[in-house]
Amino acid sequence: MAERKSTLHRWELIALAAVAAVAVAVFLLMRRGPGTNLEARIYHSGELVKTVDLDRVPDGEIDLPGEQKVHFEVKDHQIRFARVDCPDKICEQAGFLKKEGDIAVCMPNQYHVKLYSKGQGANG
Amino acid sequence: MKTNVRTVTNLGLLFALSVVLSLVEGLVPPLVPSVPGIKLGLANIVTMYCLFYAGWRSACLVTLLKSGFVFLTRGFTAFLMSFAGGLCAVGIMLLLLSFKRLKPSYQMVSVCGAVFHNIGQLGAASLLLGTLVFGYLPVLLLAGIVMGLITGTLLRIVLPALKRFPDLQKRGKIIDILLFFVLI
């Protein structure tokens with residue numbers, strides 16, 4: 001195998017800079033959503049199991065019927081995974097979701113929660 | 001027979017190295033706590049070495065075996081994520097290396113592998129959850145670029161030591177692969 005250049009070519013640098021710029025732009029646009037008038041939709045294996053109105057539900061823990069491994073916590077109109085029985089705790093590390101479009105996923109238990117504007121369609 | 005055994009042994013060492021690197025990076029705290037799942041991708045160093053110096057079959061085999069190890073230790077969901085990410089990473093790196101006129105650098109191949117590893121994992125997650133979860137994609141793209149540059153640089157640093165495996169430059173044969181499974 002021929003030896004390769006150990007640093008980036010100019011075209012590679014330009015390509016990576018372009019991708020990074022697009023990623024930053026998309027990220028900032030996605031974060032522009034409002035932080036109020038939101039509801040959290042909790043899904044299990046793709047099926048909606050609970051909708052939480054973040055403006056009305058008081059601070060506290062939310063349990064799902066028949067589910068012992070996954071819990072949620074609502075605080076200051078935000079929601080997060082809490083006290084989850086899973087090996088990697090990645091879902092809990094996502095922290096509180098506060099803006100429209102924020103999402104947290106628990107792969108081992110196949111739950112995910114995403115914030116939507118109230119009245120928005122399920123896949124909007 | 002000596003050469004086959006040596007090839008199989010070296011592949012076994014690379015597989016073990018891939019597993020150890022995965023375990024080590026699992027001990028590192030989340031690099032960006034608010035966006036979980038960002039990892040160093042150290043195991044990709046082994047995959048890249050295989051692609052550059054041992055052939056695409058060795059790279060695919062190491063990726064498959066590592067995914068199998070993940071299946072045995074962490075279950076089907078983690079296996080699917082690892083396999084999807086590994087497959088996408090190897091696929092894009094192979095594609096990039098096939099463009100001989102481009103002669104991509106180690107870092108570029110590494111970055112593409114890292115980015116597509118993340119894309120593959122997001123795809124697997126979307127499949128499992130039944131909904132698109134590409135909201136993480138922008139951050140994972142940036143993380144893939146940074147981590148890919150790091151692992152590409154690390155590969156360049158350790159290459160003088162890894163080049164001491166001369167027999168791996170011969171393509172593995174089917175019997176080598178079967179012998180490997182017998183040995184493990």
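## Aromatic pairs

Counting over all chains, this structure holds seven aromatic pairs. One of them joins Phe76(B) to Phe79(B): the pair is tilted, with 6.1 Å centre to centre and 45° between the planes. Keep in mind as you look around that this is a predicted model.

Where do Phe76(B) and Phe79(B) lie? Both are in helix 4 of chain B (residues 76-98), and they sit three residues apart, which is about one turn of the helix. Phe76(B) has a relative accessible area of 47%, so it counts as partly exposed, the class between 20% and 50%.

Chain B also has an aromatic cluster, made up of Tyr49(B), Phe52(B), Tyr53(B) and Tyr106(B).

## A nonpolar patch on chain B

Now for the surface. Val146(B), Ile150(B), Leu154(B), Ile157(B) and Val158(B) make a nonpolar surface patch of about 390 Å². To find one of these residues, go to helix 6 of chain B (residues 137-162), where Ile150(B) is found. Ile150(B) is partly exposed, and its relative accessible area is 38%.

## A hairpin in chain A

Over in chain A, strand 4 (residues 71-75) and strand 5 (residues 78-82) run antiparallel and are joined by five bridges. Look across from Val74(A) and you'll see Ile79(A) standing opposite, in strand 5. The two strands form a hairpin with two residues between them. In the turn, Asp76(A) has a positive phi of about 50°.

## A charge over a ring

One more stop in chain A: the charged end of Arg41(A) sits over the ring of Tyr116(A), 4.2 Å from the ring's centre.

Conventions:
Residues numbered from 1 in each chain as written. Chains lettered and ligands numbered in written order. Predicted model: local features only at pLDDT ≥ 70, side-chain atom pairs only at ≥ 80, totals over all residues. Heavy atoms only, no water. Patch = residues over 30% accessible without salt bridge, like charges linked within 9 Å, V, L, I, M, F, W, Y side chains within 5 Å. Areas by Shrake-Rupley, 256 points an atom, 1.4 Å probe, with all protein chains shown as cover. Salt bridge = Lys/Arg side-chain N within 4 Å of Asp/Glu carboxyl O. Helix = DSSP H or I, 4+ residues; strand = E, 2+ residues; numbered from the N terminus. Buried < 20%, exposed > 50% of the residue type's maximum accessible area, 1.4 Å probe, protein only. Phe/Tyr/Trp six-rings, centres within 6.5 Å; stacked < 30°, edge-to-face > 60°. Lys NZ or Arg CZ within 6 Å of the ring centre and 35° of its normal. Pairing = 2+ DSSP bridges.
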